[in-house]
Every structure is written in C-alpha cells, then in structure tokens.
Amino acid sequence: MKLLYAGKTKDVYALDNGNYRLVFKDDVTGTDGVFDPGANTVGLKIEGIGRSNLLVSSMFFEVLKDAGVETHYLGSDAKEITMDVKPAKPFGKGLEVICRYRAVGSFLRRYGAYVKEGDKLNSYVEATLKDDERGDPLITVEGLEALNIMSASQYEKIKADTIKITSIISDVLTGKGLELYDIKLEFGTDNEGNTMLIDEISSGNMRVYRDGKVIEPMELNALLLGDM
C-alpha cells in the first residue's frame, strides 16, 4: 500500500487494484481535550474509538446501501481496523456538508442572537470548505460556483442527498432512544463524475443527545453497537 494522506482521524492508502484503504485512528477532533465534531484540530485520543468508529461507519453504510444511497463503501476489516472504498475525487480541496436538526455548536455561536441552544431547525443544510488555516469557512452555492468547486445543480443534489441520508441515520438513532442534533457529511465524485457519500459516518461526525444531554463518542458507539 502507498500512503496518500495522513489525516486527523484516518490515514488513506492506495491499493494495487485501484481502490483506497482507510485506516482508522484513535484520535478525535476537539479543543482543549473536549470532543467537538466541528473542530479542525485533533483534541484528544480515545483508546479503541478507531475500531468502534469503523464498526459504526460500516453499519450505517450498509443501511444506506439498502436504501439505495450511493457511497464509496466497499467493505471493512474490524481486526485490521480498515475500510476499503472506491476512489473518489473531492470537491475543490474538500467540502463538508452539515445537516442541523437543532441549534448547537458553531451554529449557536454564529446565530446565538436569534436562537437558543437546542432550538429546532428544519433540516438546515450548510457547507464549509475544508481549510484548517482559515477555520473551515462557510460558503454559499453561489460561492461554490464562482470558485468552480461545483455547479448549482450538483449542490442541489448533494443537499437533497444530505437531507435523505440524515433522515435515515436519525431514524436509526431514534430507534435506540437517541436524538440526532447535527451531522457532518462529505461528498465526492466517482470515476464517471457521479456524486457519492465519502469519508466515514461515526460518532466523530455527529452530535447525539439523550434526555437533553449530549452523548460522548465512546458511549454513543457502545449504544449503537450494543446489539451487534
């Protein structure tokens, strides 16, 4: 395998067959030792979370496959803590799409003059550019077009897919007595230019609450994997 990219929570390798292999780490994003899925720095290391994030991601990718959602997922190896995926081209230097059901995190920090923590949002979708140096700036569809990152039609499809995917994941969580507040997704294109969901779908990408209290990543993984 050839190392292509050493990320915050995963390393990416190229395989001889043209696919990629993701190696999950025990690092999670956050600041000052506190987990934050919206942070652009590694905040702490949690032993075993790489494997549990792999298992949770694999579970959600299988659910999405059954729902007919296009993703890069091919299969995973829990022993090696790896996931094999299709090659994907990111939009620009990377784009994150966030779907928000309730006001928390950076949304609350930005718009706290208009909302209180936990206020309901109507599946609000926003996009940010992956750019640690500039704090992952928000960008509009007009901005994406102006920078030749994607077309308006591509964005509308990704927005619709994000709402659909988030709803499916939320239903899984609701079935376990949990509530999804927000989730961060990533998209890319396959070799034919079709958009598809990429990256992972794990506790490190979402905020989930129970009885009004946020659930920490390892506890969330345990709740999701408890009957597996």
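Analyst: Strands here are DSSP runs of E with at least two residues, numbered from the N terminus. The model is a predicted one.

In that numbering, β1 (2-6), β2 (10-14), β3 (20-24), β4 (27-31), β10 (95-102) and β13 (179-189) each give at least two residues to the lining of the largest pocket. This pocket holds about 980 Å³ of space. Its lining counts 42 residues, and those nearest the centre are Tyr5, Val12, Lys130, Glu186 and Asp199. By class, the lining of the largest pocket has 17 nonpolar, 10 polar and 15 charged residues.

The helix to look at closely is α1. Two packed helices are described by the angle between their axes and the distance between the axes.

Take α4 as a partner. Helix α1 covers residues 49-66 and helix α4 residues 152-174; they pack at an angle of about 120 degrees, and their axes are 11 Å apart. The two helices are therefore oblique to each other. The crossing of α1 past α4 is right-handed. On the α1 side the contact is made by Phe60, Val63 and Leu64, and on the α4 side by Ile165, Ile168, Ile169 and Val172. This contact of α1 with α4 consists of 7 nonpolar residues, with no polar and no charged ones.

Now take α5, residues 217-225. Here α1 and α5 pack at about 45 degrees, with 10 Å between their axes. That angle makes α1 oblique to α5. The crossing of α1 and α5 is left-handed. From α1, Ile49, Ser52, Asn53, Leu55, Val56, Met59 and Phe60 meet Pro217, Met218, Asn221, Leu224 and Leu225 of α5. The contact of α1 with α5 comprises 9 nonpolar and 3 polar residues, and no charged ones.

Phe60 of α1 takes part in the contact with α4 and also in the contact with α5.

Note on methods
Residues numbered from 1 in each chain as written. Predicted model: local features only at pLDDT ≥ 70, side-chain atom pairs only at ≥ 80, totals over all residues. Heavy atoms only, no water. Axes fitted to C-alpha atoms, helices over the stretch in contact; angles between N-to-C directions. Helix = DSSP H or I, 4+ residues; strand = E, 2+ residues; numbered from the N terminus. Parallel < 35°, antiparallel > 145°, perpendicular 65-115°, else oblique. Left-handed = near helix turned anticlockwise from the far one by under 90°. Contact = heavy atoms within 4.5 Å. Nonpolar A, V, L, I, M, F, W, Y, C, P; charged D, E, K, R; others polar. 1 Å grid on protein atoms, 1.4 Å probe; cavity = no way out; pocket = protein on both sides within 12 Å on 5 of 7 lines; lining within 4 Å. Points joined across faces, edges and corners; volume = space filled by probe spheres on them.
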